[in-house]
Amino acid sequence: MNQQQRSALLHSSSLFPPPPGVKLSYGTAGFRADASLLESTVFRVGILAALRSIQTGSVIGLMITASHNQVSDNGVKIADPSGGMLTQLWEPFADAIANAPDPHSLLQLLDDFVKKENITLEGGPAARVLLGRDTRPSGASLVEAAKQGITCITGATAIDVGVLTTPQLHWMVRAKNKGVEASEHHYYDQIVTSFSYLMDNIPRENSSKDVNDKLIVDGADGVGGEKLEKLKSSLKYLSIDVRNYGDGVLNEGVGADYVQKEKVVPRGFGPSDAGIRCASLDGDADRLVYFSVLSNSNKIDLVDGDKILSLFALFLKEQLRILDDKANTSSYKASLGVVQTAYANGASTEYLKQLGLEVVLTPTGVKYLHEKAAEYDIGIYFEANGHGTILFSETFLSWLENINNELSSTSKGSDQHKAASNLLAVSKLINQAVGDALSGLLLVEAILQHMGWSIKKWNELYQDLPSRQLKVKVVDRTAVITGNAETVVVSPVGIQEAIDAEIAKYTKGRCFVRPSGTEDVVRVYAEASTQEAADSLAHSVMVIVHQFLWF
């Protein structure tokens, strides 16, 4: 970094002093806090984004959002060249620069990091960073802080793409780095075209079934609701009533997070909606859950991320089976894998295994799920909260394109040709960069029509086991060390044996504990055959955690 750059950076960073007494940590959601505390952090993440762009020679994304948090919060996170999350290797650097106490400390950190990572600041590739934000009032000023940070790096360009869903920004980054046109318009064009193709391919025997084409969507009063309200007129075959798309308070009594946790109707829904298929997006539209309103009640039947995953897995497995029916495709056996965390309901895991699918568990966090899913030709991951997607390997897609072209010329319109084209359409409809409520919703709708299923029939795939989650306050959460995808406690010694002995007392009992990533608590998750048993198991294990850790 030359003297002119150093002086400019010192001056700019002095305009964005960090708030005293605030320590932030970069996690799965990036940095999040009350919006009034974030200008300094967002400015510094702008610098980080520019450095990442130079190092990778690629477009990088920077998204201003706090997803399902309250409207007074905001946050910032980076999208890497693949459209996925910032590499975990850079997270400690993100923490360090966000918490540097003054401009000179910040400059020293940057100097050291640039040398360590061999980042060429002069004569190398110019940084390009796409900047997006959700609908929060604080977003515009935070985008300006990010621009200041990005342009501290000589030659760096900040490209403001405006108000977007988080998945749209991730999709644009991925597309741009693949050399594909990547505006918001291109995003809509791709998902609408793919959705229409899937709907045109519905088996004739199911197209006449009485599957209600009406869908009511809770937009969480966020960006996803606004975007869907504009998009819905382009969608043939589907009648969408969007509610909560900007006339109320963001995430207040609305949204996927609220619906999934509280299991009650969001604001604007009531008994008159009973029997109609309903869905809920979260504030930045990267989570999706479905539900149906119970008669004369504010309660719902929830169809969560586990059931969305199961629906996708069932459909993709069937398309692969049809494709494999002919000898000329047997030369390639595609691997199909399902990735969950220990928080997935045990009934869903059992159902997927009974389908003959390979199911693997990872530690909690989308970054772990995504990384594991990428090991398969088709990898599906979802968390119960409604965040997830499907990944397709480039090798498989290349093979699939060839098979589709071959079948198009030899047996156009055959079941096998339709299966190949359906799989290609799914790969274009689903957002392979990150969980996307809009593209996920369209895929759910297309598959339900293919199956000829109502939401009731979908929800009857399996019956969730009753569960209970509790938090135990501890002095030091780092005393708990887990293994085997967080399902087993390795330390303190003896605690896992005590938990196992408790689990053995319950029919279909399952329980694990894991330290929180953000606060000094240990989280307890328990399942059993009845709600009373799940509650009892969770409380018994909570007592065990107290005995071992309250010192």
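Author: Start with one residue and its neighbours. This is a predicted model. Leaving out residues up to four places away in sequence, isoleucine 97 touches Arg44, Leu48, Leu106, Leu109 and Leu110.

Reader: Where does isoleucine 97 lie, and is isoleucine 97 buried or exposed?

Author: Isoleucine 97 lies in helix 3. Its relative accessibility is 1%, so isoleucine 97 counts as buried; the cut-off for buried is under 20%.

Reader: Which residues of helix 3 and helix 4 meet?

Author: From helix 3 come Phe93, Ala96 and Ile97; from helix 4 come Leu106, Leu109, Leu110 and Phe113. By class, this contact has seven nonpolar residues, no polar ones and no charged ones.

Reader: At what angle do helix 3 and helix 4 pack?

Author: The angle is about 160°, and the axes are 9 Å apart. Angles over 145 degrees count as roughly antiparallel, so helix 3 and helix 4 are roughly antiparallel to each other.

Reader: What about the loop between helix 3 and helix 4 (103–116)?

Author: Proline 101 is found there. Proline 101 is exposed, at 61% relative accessible area. Now look along the chain: proline 19 is 82 residues away from proline 101, yet their C-alpha atoms are separated by 9.0 Å.

Reader: Now a helix on its own. How do I read its faces?

Author: Begin with the general idea. An α-helix has 3.6 residues a turn, so residues three or four places apart point the same way. Then list the buried residues. In helix 19 they are Ala533, Ala534, Leu537, Ala538, Ser540, Val541, Ile544, Val545 and Leu549. They cover an arc of only 165° around the axis, which puts them on the same side of helix 19.

Reader: Which exposed residues sit on the face of helix 19 turned away from its buried side?

Author: That face carries Glu532 and Gln547.

Reader: What covers the buried residues of helix 19?

Author: The cover includes strand 15 (467–473), helix 18 (495–503), strand 18 (510–515) and strand 19 (521–527).

Reader: What span should helix 19 have?

Author: Helix 19 has 19 residues, 531–549; at 1.5 Å a residue they should span 27 Å. The end C-alpha atoms are 27 Å apart, which agrees.

Reader: Which residues of helix 13 (residues 366–373) are buried?

Author: Val366, Lys367, Leu369, His370 and Ala373. Viewed down the axis of helix 13, they fall within an arc of 165°, so they line one face of the helix. They pack against helix 3 (91–98), strand 11 (336–341), strand 12 (358–362), strand 13 (378–382) and strand 14 (388–392).

Definitions and conventions
Residues numbered from 1 in each chain as written. Predicted model: local features only at pLDDT ≥ 70, side-chain atom pairs only at ≥ 80, totals over all residues. Heavy atoms only, no water. Helix = DSSP H or I, 4+ residues; strand = E, 2+ residues; numbered from the N terminus. Expected span 1.5 Å × (residues − 1). Buried < 20%, exposed > 50% of the residue type's maximum accessible area, 1.4 Å probe, protein only. Arc of directions from axis to C-beta. Contact = heavy atoms within 4.5 Å. Axes fitted to C-alpha atoms, helices over the stretch in contact; angles between N-to-C directions. Parallel < 35°, antiparallel > 145°, perpendicular 65-115°, else oblique. Nonpolar A, V, L, I, M, F, W, Y, C, P; charged D, E, K, R; others polar.
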